[in-house]
Amino acid sequence: MESSVSAYQTADVWKQFNIVGVLKGDVNKDHLVNVTDFLMLANELLGLSPKGLCHPLADVAGGANGGPDGKINIIDWIGISNIILNSGSE
């Protein structure tokens, strides 16, 4: 996905547009991975189904290579916490 974003950003036809990529873990699509995303995913895992949660962006871990595995579970919640801790975001 990241390589596709880069290709669009540099293509003559598209480079005049502000092409932005997706940020894994940004479950509310506000371009940040922070405590709000962490809590939204916690609510999803508790069965509270928060509005605005983007499932594909929540699937950050659990696969064979450490990436997405197609399921939303506690491993993704831990993955988002690791993204937050490693970025220094609050």
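Analyst: Of the 90 residues of the protein chain, 27% count as buried. This is a predicted model. The accessible surface of the chain comes to about 6,000 Å². Carbon and sulfur atoms hold 58% of that surface.

The fold is quickly told. There are 4 helices and 0 strands. From the N terminus on, the order is α-α-α-α. Among contacts with a separation of 6 or more, 41% join residues 24 or more positions apart.

Now the patch. Leu45, Ile74, Ile75 and Ile78 form this nonpolar patch on the surface. Together they have about 320 Å² of accessible area. Helix α4, residues 74-87, gives the largest share, 3 residues.

Take isoleucine 78, which lies in helix α4. Its relative accessibility is 41%. Buried means under 20% and exposed means over 50%, so isoleucine 78 counts as partly exposed.

The largest nonpolar core has 10 residues: Val27, Val33, Met40, Leu41, Leu53, Ala58, Val60, Ala61, Ile80 and Ile84. Two elements, α2 (35-45) and α4, each give two or more residues to this core. In soluble globular proteins, nonpolar side chains tend to be buried together.

Leucine 41 is one of the core residues. Beyond its neighbours within four places in sequence, leucine 41 is in contact with Leu53, Ala58, Ile72, Asp76, Trp77 and Ile80.

Definitions and conventions:
Residues numbered from 1 in each chain as written. Predicted model: local features only at pLDDT ≥ 70, side-chain atom pairs only at ≥ 80, totals over all residues. Heavy atoms only, no water. Patch = residues over 30% accessible without salt bridge, like charges linked within 9 Å, V, L, I, M, F, W, Y side chains within 5 Å. Areas by Shrake-Rupley, 256 points an atom, 1.4 Å probe, with all protein chains shown as cover. Salt bridge = Lys/Arg side-chain N within 4 Å of Asp/Glu carboxyl O. Buried < 20%, exposed > 50% of the residue type's maximum accessible area, 1.4 Å probe, protein only. Core = buried A, V, L, I, M, F, W, Y, C linked by side-chain atoms within 4.5 Å. Contact = heavy atoms within 4.5 Å.
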